[in-house]
Amino acid sequence: MAIKSIIRMGDARLLLVSAPVHEFGTAQLRGLISDMEDTMKAAGGAGLAAPQIGVLQRVVIFGGGRTARYPDADAVPYTVLINPRLKPLRGGREEDWEGCLSVPGMRGMVPRYRRLRYRGSDESGRPIDRTVSGFHARVVQHEVDHLDGVLYPTRIKDLRKFGFLAELFPGQEVADE
Ligand code: NI
């Protein structure tokens, strides 16, 4: 439908808790998801949460193949996830580099649960129930954080491992953010 502008860190809307979706299959929901898809694709992101385009509803999208920003990531299936619930599974946490379209040009080392089960609904209200690990688990945790007003820099344990992508990984091809 349309490529929306992505709200950046500092905008107070990114710190708010989003509201659950109660009605599925509506034109409003279809339009929102379509806008999110267009926006994520245009930005080359691995995921996008509705609040990042200023819509405070519990809707995230992610996956859909390797992206320019995360070329080494295992392929994560394209997923629309609404009203998500996460349950960490045994396996502890691991740290890895993370970025965010709302924090353009930067990367930080963020601890996330290695394995988790997530449940929610797709755009039609059909249930989703998956057990995942690694990059898939990381992306889900990152996107669901957006629904609770949490941005990844607040989860970094050692702020020395936070900086500009071009400085952290010089010479690496940097996707437009
Ligand atoms: Ni993000």
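How many salt bridges does the count come to?

1. The count comes to eleven salt bridges, a salt bridge being a side-chain nitrogen of Lys or Arg within 4 Å of a carboxyl oxygen of Asp or Glu. This is a predicted model, in which local features need pLDDT of at least 70, side-chain atom pairs count only at pLDDT 80 or more, and totals for chains, interfaces and linings use all residues. Residues are numbered from 1 along each chain as its sequence is written, and side-chain values use heavy atoms, with hydrogens and water left out.

2. Aspartate 11 pairs with arginine 13 in a salt bridge whose closest N and O atoms lie 2.8 Å apart. Aspartate 11 is partly exposed, at 25% relative accessibility, and arginine 13 is partly exposed at 37%. Here buried means under 20% relative accessible area, exposed over 50%, and partly exposed in between (1.4 Å probe, protein chains only).

3. Arginine 58 and aspartate 148 form a salt bridge, with 2.9 Å between the closest N and O atoms. This pair links distant parts of the chain, 90 residues apart: arginine 58 lies in the loop between strand 1 (47–49) and strand 2 (59–62), and aspartate 148 in the loop between helix 2 (134–147) and strand 8 (162–164). Helices (H or I, at least four residues) and strands (E, at least two) are DSSP runs, numbered from the N terminus. Arginine 58 is buried at 12%, whereas aspartate 148 is partly exposed at 35%.

4. Aspartate 145, in helix 2, and arginine 155, in the loop between helix 2 and strand 8, are ten residues apart; their side chains meet in a salt bridge at 2.6 Å, N to O. Aspartate 145 is buried at 9% relative accessibility, while arginine 155 is partly exposed at 32%.
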